[in-house]
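Please consider the structure shown below.

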Amino acid sequence: MGIGEAIAMARRARGLTQGLLAERLGITQAALSRYENELRDPTDDALDQIASTLGVLPELLSQADRMEGALAVGAHMRRRATAKPTVWRRLEAQLNLHRLHAQRLFDELDLRTELTIPWLDPFEYEPTTAARLLRMQWRMPSGPVRDLVGWMESAGCLIIDTDFGTSRVDGLSQWSGTYPVVMLNLSAPTDRRRLTLAHELGHLCLHSQGVPDDVEADATAFAAEFLLPEETIRPQLRNLTVGRLHDLKRLWGVSMQALIERSHELGVITSRERTNFYKRFSALGWRTREPLSDELAQERPRLAAEIGRALLARGHNKSEAARICGYTVDNPDNPFIVDKHQLRLV
């Protein structure tokens with residue numbers, strides 16, 4: 001990635017148009033366009049000003065060529081419905097910017113984790129098999145997954161809560177070297193966030209190298225087996241009622257709609273029964289906002305804040321800690337701020 005592409009990526013991540021950034025810099029839009037299209041290299045002073053305005057260090061932009069591949073290559077997005085192209089470009093840019101920061105940070109620090117996220121060939125492993133293998137590898141209990149964020153962070157997954165500004169996109173993920181980065185929509189309810197985390201975990205396991213025809217279907221199947229393993233959940237789905245769905249939602253931490261879909265996939269309920277459930281949900285207004293979601297244990301990331309705490313514990317002040325991560329000290333988007341988790345930094 002050249003410096004012009006890096007500037008454009010950081011600008012889009014901040015939700016700025018060329019014209020607005022140029023105005024803040026006190027330069028013409030044509031001048032900024034020449035920088036971004038690499039028709040002219042910015043001077044050191046100009047680069048310092050651009051980086052400062054974008055809340056990052058100039059080195060983060062100038063050294064972006066160390067990234068593998070082009071922008072957004074290998075990115076995975078999960079959405080409920082089609083979002084505007086401008087939204088996708090902004091979120092893609094944010095994901096890639098987070099990846100740059102993570103790469104800079106892990107160049108400085110050695111993150112030792114208890115677990116790993118394996119790369120499984122999707123042409124060799126069915127999604128459900130991959131989910132079972134991962135649960136076995138992580139030695140997870142056979143029942144509901146408690147604290148999914150904690151499991152993923154124990155494998156070095158950097159999860160960043162972000163206000164996407166839309167309900168149409170749930171999450172994005174991308175590998176940054178040996179560690180993955182996941183952006184999670186802050187405004188989504190807990191059951192939706194858990195499904196999104198499992199979905200992105202499926203992408204990270206199955207789609208880091210080989211890419212089959214329908215990656216979204218694979219990730220969905222992976223998430224269903226990972227969160228609701230067939231061997232355990234099938235007996236609990238018999239004689240399904242709305243009241244029973246309430247109980248299962250509290251127990252498994254997934255939406256009632258996810259439970260209905262799982263029941264249908266496993267052949268426990270018929271298509272007609274599935275349709276009847278959804279008709280009732282629509283009449284109650286539950287298709288858009290289910291009850292009980294606020295009762296579920298929240299899934300909140302802790303690893304980034306723990307990294308920030310570790311940097312301060314080493315004797316770095318806030319300015320130095322921000323610099324190590326590639327941020328200016330006053331950037332409010334820096335997730336590495338001072339929650340606790342199981343990791344060691346050496």
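This is a predicted model: local features need pLDDT of at least 70, side-chain atom pairs count only at pLDDT 80 or more; totals for chains, interfaces and linings use all residues.

Residues are numbered from 1 along each chain as its sequence is written, and side-chain values use heavy atoms, with hydrogens and water left out.

Helices (DSSP runs of H or I, at least four residues) are numbered from the N terminus. Helix H2 spans residues 18–25 and helix H3 residues 29–36; their axes come within 8 Å and cross at roughly 110 degrees. Such axes are lines fitted to C-alpha atoms over the stretch in contact, and angles run from 0 to 180 degrees between N-to-C directions. H2 and H3 are therefore roughly perpendicular to each other, a term for angles of 65 to 115 degrees. On the H2 side, Gln18, Gly19, Leu21, Ala22 and Leu25 meet Gln29, Leu32, Ser33 and Glu36 of H3, where contact means heavy atoms within 4.5 Å.

Histidine 246 belongs to helix H12 (residues 242–252). Because its relative accessibility is 17%, histidine 246 counts as buried (under 20% relative accessible area, with a 1.4 Å probe and protein chains only). Apart from neighbours within four places in sequence, histidine 246 contacts Met256, Trp286, Pro291 and Leu292.

Glutamate 273 is located in helix H14 (residues 271–284). With 37% relative accessibility, glutamate 273 counts as partly exposed, the class between 20% and 50%. Its C-alpha atom is separated by 62 Å from that of leucine 39, 234 residues apart along the chain.

Note on methods. Helices (H or I, at least four residues) and strands (E, at least two) are DSSP runs, numbered from the N terminus. Angles under 35 degrees count as roughly parallel, over 145 as roughly antiparallel, 65 to 115 as roughly perpendicular and the rest as oblique.
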